[in-house]
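I opened my notebook to look around this structure one stop at a time. Come along and check each entry against the picture.

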Amino acid sequence: MILSTLERKLKVKIMLTLFVCMFGTTIYQSIVSISGPSIIADLGGFEYYAWLFSGFSLTSAVCAPFIGKLTKIYGPKKIIIPSLFIFLFSTILCGLSSSIFLLIFFRSVQGIGLAGVLGVVWIMIALLWSPNERGKWLGATAAGFTLAGLVGPFLGAYVTQLLGWRWSFFIIIPAVIVSMILISKVFPKIEKDVSTKFDYRGAIFFTLSASSFLFALSIIGIDSNKIFIYIIILFIISTISFAIFIYLEIKEKDEGFIDIT
């Protein structure tokens with residue numbers, strides 16, 4: 001996948017498109033955090049409030065390692081557009097949720113989409129630019145995150161007060177759609193790399209191990225007599241799954257499913 005040979009003008013267009021995409025998906029996080037109290041007031045379930053953010057972070061963390069390998073096989077365009085679609089569809093369903101449990105579930109699905117989007121952004125910086133130029137674009141990307149963090153709370157407070165918490169989800173829909181259109185037009189088409197395989201068995205056991213481990217950590221603070229048993233079971237599942245994952249990766253002739261290049 002040789003993208004560094006593209007014309008500089010096209011590479012800048014690709015990066016600007018990625019910035020629009022990244023800004024639209026990351027500003028949403030700070031908008032929703034401001035809307036949290038209104039969501040709980042409407043849907044209830046204060047004891048599950050933390051899972052509005054924990055579930056999202058868990059799925060993002062678990063899915064992130066897969067993005068490099070999938071991008072290498074299918075190309076960035078075929079990864080980021082489906083990721084944006086997942087993010088868009090789950091965002092709409094978040095805004096339509098009638099219970100805190102549905103909202104938590106759809107927020108967790110959003111995490112999958114965000115992992116794909118942000119993963120491709122970082123990968124594209126490495127693919128498009130030489131080591132001497134990457135620092136500048138990494139700095140610009142970090143500035144985009146900072147700007148999203150500053151603007152999001154003000155926008156979230158305004159939207160929630162004026163239109164209601166559901167619009168804290170709906171307001172981001174146009175930005176995601178515009179991002180999908182721009183990417184489909186600007187990104188170059190790359191043929192599938194048939195010489196590289198994706199280790200699906202390793203991916204399954206890694207996902208099971210990481211999700212069990214992270215879920216166990218997230219419920220440690222819950223005050224319940226039975227929770228200790230659940231934590232032990234989750235840690236056992238995580239350990240066994242990780243052992244199987246290591247065994248499969250040692251046995252596997254391909255370099256595995258984790259790839260950052």
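Where is K189 found? I looked it up in the predicted model, and K189 is in the loop between α7 (173-186) and α8.

**Entry: K189**

I checked the cover of K189 next. Its relative accessible area is 69%, so I wrote K189 down as exposed. Then I looked across to K77. K189 and K77 are 112 residues apart in sequence, yet their C-alpha atoms are 7.2 Å apart in space.

**Entry: a salt bridge**

How many salt bridges does the count come to? I noted 1 salt bridge. It joins the side chains of D42 and R166, with 3.9 Å from N to O. I traced both ends: D42 belongs to helix α1 (residues 8-43), while R166 is in the loop between α5 (131-163) and α6 (167-170), so this pair ties together parts that are 124 residues apart in sequence.

Are these two residues buried, exposed or partly exposed? D42 has a relative accessible area of 46%, which means it is partly exposed. R166 comes out at 27%, so I put R166 down as partly exposed too.

**Entry: aromatic pairs**

I counted aromatic pairs and got 8. One of them is F85 with F89, a stacked pair with 6.3 Å from centre to centre and 5 degrees between the planes. Why are F85 and F89 about one helical turn apart? They are separated by about one turn because they sit 4 residues apart in helix α3 (residues 77-96). F85 has 48% relative accessibility, so it counts as partly exposed. F89, with 49%, is also partly exposed.

Next I turned to W167 and F170, an edge-to-face pair: 5.4 Å from centre to centre, with 85 degrees between the planes. Both are in helix α6, 3 residues apart, which I noted as about one turn of the helix. Their cover took me a moment. W167 is partly exposed at 42% relative accessibility. F170 has 18% relative accessibility, and buried means under 20%, so F170 counts as buried.

I also found one aromatic cluster, formed by F66, F206, F242 and F245.

**Entry: a charge over a ring**

Which ring does the charged end of R107 sit over? I followed R107 to the ring of F56, and the distance to the ring centre is 4.6 Å.

**Entry: helix α4**

I followed helix α4 from end to end. It covers residues 100-128, which is 29 residues, and from first C-alpha to last it reaches 42 Å. That is close to the 42 Å expected at 1.5 Å a residue. Is α4 mostly covered or mostly open? I noted it as mostly covered, with 22 of its 29 residues buried.

L208 has its place in helix α8 (residues 200-218). The relative accessibility of L208 is 36%, so I listed L208 as partly exposed. Patch residues need over 30% relative accessible area, and L208 with its 36% passes that cut-off.

Methods: Residues numbered from 1 in each chain as written. Predicted model: local features only at pLDDT ≥ 70, side-chain atom pairs only at ≥ 80, totals over all residues. Heavy atoms only, no water. Helix = DSSP H or I, 4+ residues; strand = E, 2+ residues; numbered from the N terminus. Buried < 20%, exposed > 50% of the residue type's maximum accessible area, 1.4 Å probe, protein only. Salt bridge = Lys/Arg side-chain N within 4 Å of Asp/Glu carboxyl O. Phe/Tyr/Trp six-rings, centres within 6.5 Å; stacked < 30°, edge-to-face > 60°. Lys NZ or Arg CZ within 6 Å of the ring centre and 35° of its normal. Expected span 1.5 Å × (residues − 1).
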